[in-house]
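Please read them alongside the coordinates.

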Amino acid sequence: MKAFVLNGPNLGRLGKREPDVYGSTTHDDLIALCVDTGAELGLDVDVRQTDHEGELVGWLHEAADSGVPVVLNAGAWTHYSIAVRDAAAQLTAPLIELHISNVHKREPFRHHSVLSDIATGVIAGLGVDGYRLALRWLADHTR
Ligand code: DQA
């Protein structure tokens, strides 16, 4: 089975970006982590990252049209993008909202998500291990 891992703005800079908050894993490392985890679980994982909102909207439409589950780290768009929310609301397979950092321990503007109430579940604060856990859950619950 296929699964998408979709990462939004600034996540391509993982490893260089605020390593005290996001850790030292690069986005290439994260791709390998997700693909390898997927291989162990029988999931064909497609990891993508974009700094362009419309591109993410298009990928969510693709996931909606093909019934593919999504692990979504929408980065800052999480907190205000109604366009990303409206696209994510069209998914028919599970949606896991993911944050590397614990957004609830951070600035107040990160406490609100426009995605959480349409997500199947939310993972935050477990670093990049959260992606592994999200894929494990998808493997166990989507067949
Ligand atoms: C993030 C948290 C967001 O608040 C932030 O804008 C990001 C990354 C996380 O993974 O912890 O870009 O989604």
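1. How far is an oxygen atom of the ligand from an N or O atom in the side chain of R17? The distance is 3.0 Å. This is a predicted model, in which local features need pLDDT of at least 70, side-chain atom pairs count only at pLDDT 80 or more, and totals for chains, interfaces and linings use all residues. Residues are numbered from 1 along each chain as its sequence is written, and side-chain values use heavy atoms, with hydrogens and water left out.

2. The protein chain has an average pLDDT (the predictor's confidence in each residue, from 0 to 100) of 97, and 100% of the residues reach at least 70. The scores are ipTM 0.99 and pTM 0.98.

3. Eight salt bridges are counted (a side-chain nitrogen of Lys or Arg within 4 Å of a carboxyl oxygen of Asp or Glu). K2 pairs with D46, with the closest N and O atoms 3.6 Å apart. K2 is in strand 1 (residues 2-7) and D46 in strand 2 (residues 44-49), so the pair ties together parts 44 residues apart in sequence.

4. D117 and R85 form another salt bridge, the closest N and O atoms being 2.7 Å apart.

Methods. A polar contact is a pair of N or O atoms within 3.5 Å; within protein, one must be able to donate a hydrogen and the other to accept it, and residues adjacent in sequence count only if both atoms are side-chain atoms. Helices (H or I, at least four residues) and strands (E, at least two) are DSSP runs, numbered from the N terminus.
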